[in-house]
Amino acid sequence: MTDRIDPQTFAHLVDLAALELDEQQAEYLRRELNAQLSAIHELEAIPLEDDLPITSHGVPYPPQISQPPRADEWQPYPDPQEIIAQAPESEAGYVVVPDIPHTTLE
Amino acid sequence: MELCDLPAYELSLLLRQKQVSALEITQSCLQRIEKVDGRPGQLDGGQPTPEDEEKVHAFITLTKKRALAQANAIDRKLAAGEDPGPLAGIPFTVKDIFCVRGTPSTAASRILANFVAPYTATPVERMEAAGAVLLGKVNLDEFTYGSSNESSAFQPAPRNPWNPAYVPGGSSGGSAASVAAGEAPLSLGTDTAGSIRQPAAFCGVVGVKPTYGRVSRYGLIAFGSSLDCPGPLARNVVDAALMLQAIAGPDARDSTTANLPVPDYLAALEEGVRGLRIGLSPDYFQITFPDAHSGEYRQQELPAEIEARVRYAAGVLASMGAEIIEDVPMPNTRYGIPAYFVISRVEAASNLHRYDGVKYGYRTPQPVSDLRDLYRKTRNEGFGLQPKLRILMGMYVSAAQYSAQYYRRALRVRTLIRRDFEQAFDPEGKYRLHALLTPTTPTTAFEIGAVYGDSVLMQYADQLTVPANHAGVPGVSLPFGLDEHGLPIGVQLLGADFSEPVLLRIARALELATDSEPWRKLKPQVLRNLAG
């Protein structure tokens, strides 16, 4: 069984996932990813008709059992300070973060 | 028999007859917790001590003061002649994946360990509105990612009350263990691939995965948004029906709840099974799983004692007038896990991107160079291995170059799985089933440490439960015997969309018909060891 996710692809995934792994974790996770991909591989062998639609969730939602859309109205939260207080760092009602990196698009 | 061991429906009756108070019921549960639960799960909880190995460890947070205040309030209402609600005075536990205002709502993860929810999930709010008394928040696999509870960042993790050397199952392991050990008659869990039904089967209790959209997900910390279903765990079918009655129904705060009135789940509960068509499928009597070494797929018959209990259940139903339909084809059952590996990981990765150390939860204490560095360090330190694994897999299979091969394909395979159920339950079709009767799990509970770490083998514990999540259909697991090691065996009933009333009715018939069997009188080991 060859590894589909090589170390280079793995490093790219780790970057996309906004993670930072030590060597031991990386080794375990890459091994398990490849084992899971082998399990997923079974899907590729299933014959599917071309017009087979996707199911994004099991139970169909005909209009008669769907929730009507809510009115798009602003609802004030009674105590915004309570929400802000959950932030690891805040100041005068603002959430504080370190420098935000900027990329200039060409 | 102590109050905490009585069914919720009996407690409710005793309370209304003023033979007991809500306070006495709550105190009985708190005493049981004191006796059997041991130290609660905590971050950096260390290796289990010999004493830990004898305890249940269902809880992360015990809300004792709140419970006593709620019980007193119920007693005051009763004294004043007010209606305190259909679940008045009935204690319950909540899987710590639900937000409950003012309580730590941790998802059993370091990244949310310090998060105190500013609002309450709809199913919990409905339980409390019905008069139920919240005892606390119970442990689970981190973010629900597992089938054993071993992945919790809060250790010691829950243990199986029937034998504490074994896992309680998962991810609603704390829920199932707390109910089995008599710590609470009811618990609120969630089921994404079997996370209510599998631990219910492992711990010998009843678990209900309602139809997708039947119970609101508002306030549930999301895993797989198209699969997650909150639902009850209880010690008998009547209690599970009572609880489902309280939590089901449309919710304006969850647009995926079905806008359908909630039927009376208790009205027809004991009307029996005469005339019902109940199917057995060969596809649920074998398991397919990849060999750990070669990666080759192997098909294996189910353990004989599990199959025997399911066939015995079919015989019991037949003797009560149900028609048993053999050989119902469910050929796509075997693709449930591979499809789930793709769909659930994409949804999980998406849902976990919100944890970044900025707005709430854990933030790295290390110095950081910029915001990206903050994200990376925070997420690395805050997430355990299983969430990291799911995020990475979700990123991979949804990447632009692979999504047709994996994600879209898995969603189309999901259509095939759904069609198996549609054909089996079609009232005009060949089989016209009211329910499919299957085993809940391919094995009974396994020993702690036996599977954990092998993420593929662990996932295959859900092989017989996950098809219902793909299809959205409801399922009930009920205890139906013990294996040669004295561990519970569960049988499962699956039905068409919103067929909970008939599933509960069949389950209740099975429960009543076997009420006098000797195994039903046996108690879990942790209770047998109690003095007196």
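Modeller: Helices (H or I, at least four residues) and strands (E, at least two) are DSSP runs, which are numbered from the N terminus. Residues are numbered from 1 along each chain as its sequence is written, while chains are lettered from A and ligands numbered from 1 in the order in which they are written. This is a predicted model, in which local features need pLDDT of at least 70 and side-chain atom pairs count only at pLDDT 80 or more, whereas totals for chains, interfaces and linings use all residues.

Colleague: In what order do the elements of chain A run from the N terminus on?

Modeller: The secondary structure of chain A comes to three helices and two strands. Read from the N terminus on, these elements run α-α-α-β-β.

Colleague: Is chain A compact or spread out?

Modeller: The radius of gyration is taken over C-alpha atoms, and the globule rule is 2.2 Å times the number of residues to the power 0.38. For the 106 residues of chain A this rule gives 13 Å, but the radius of gyration is 23 Å, well over that value, and therefore chain A is more spread out than a compact globule.

Colleague: What radius of gyration does chain B have?

Modeller: Chain B comes to 17 helices and 15 strands. The globule rule gives 24 Å for its 532 residues, and chain B is close to this, so it is as compact as a globular protein of that length, with a radius of gyration of 22 Å.

Colleague: What percentage of the residues in chain B are buried?

Modeller: A residue is buried if 20 or more other C-beta atoms lie within 10 Å of its own, exposed if 12 or fewer, and partly exposed in between, with C-beta atoms placed from the backbone. In chain A, 19% of the 106 residues count as buried. Among the 532 residues in chain B, the buried ones make up 62%.

Colleague: Which helix supplies the largest share of the side of chain A that touches chain B?

Modeller: Two residues are in contact if their C-beta atoms, placed from the backbone, lie within 7 Å, and 47 residues of chain A are in contact with 62 residues of chain B. Helix H1 (7-16), helix H2 (23-40) and helix H3 (80-84) of chain A each supply at least two residues of the side of chain A that touches chain B. The largest share of that side, ten residues, comes from H2(A).

Colleague: How many residues of helix H7 of chain B are buried?

Modeller: Helix H7 spans residues 237-247 of chain B and is mostly covered. Its buried residues include B:Asp239 and B:Gln245 as well as B:Leu242 and B:Ile247.

Colleague: Is B:Lys95 buried or exposed?

Modeller: B:Lys95 lies in strand S3 (residues 91-95) of chain B. Leaving aside its neighbours within four places in sequence, its contacts include B:Val138, B:Ser172 and B:Gly189. Because 31 other C-beta atoms lie within 10 Å, B:Lys95 is buried.

Colleague: How many other C-beta atoms lie within 10 Å of B:Ser195?

Modeller: B:Ser195 lies in the loop between strand S6 (186-191) and helix H6 (197-203) of chain B. Among its contacts, leaving aside neighbours within four places in sequence, are B:Gly170 and B:Ser171. B:Ser195 is buried, and the number of other C-beta atoms within 10 Å is 37.

Colleague: Is the peptide bond from B:Gly170 to B:Ser171 cis or trans?

Modeller: B:Ser171 is found in the loop between S5 and H5 of chain B. The peptide bond that leads from B:Gly170 to B:Ser171 has omega near 15 degrees and is cis.
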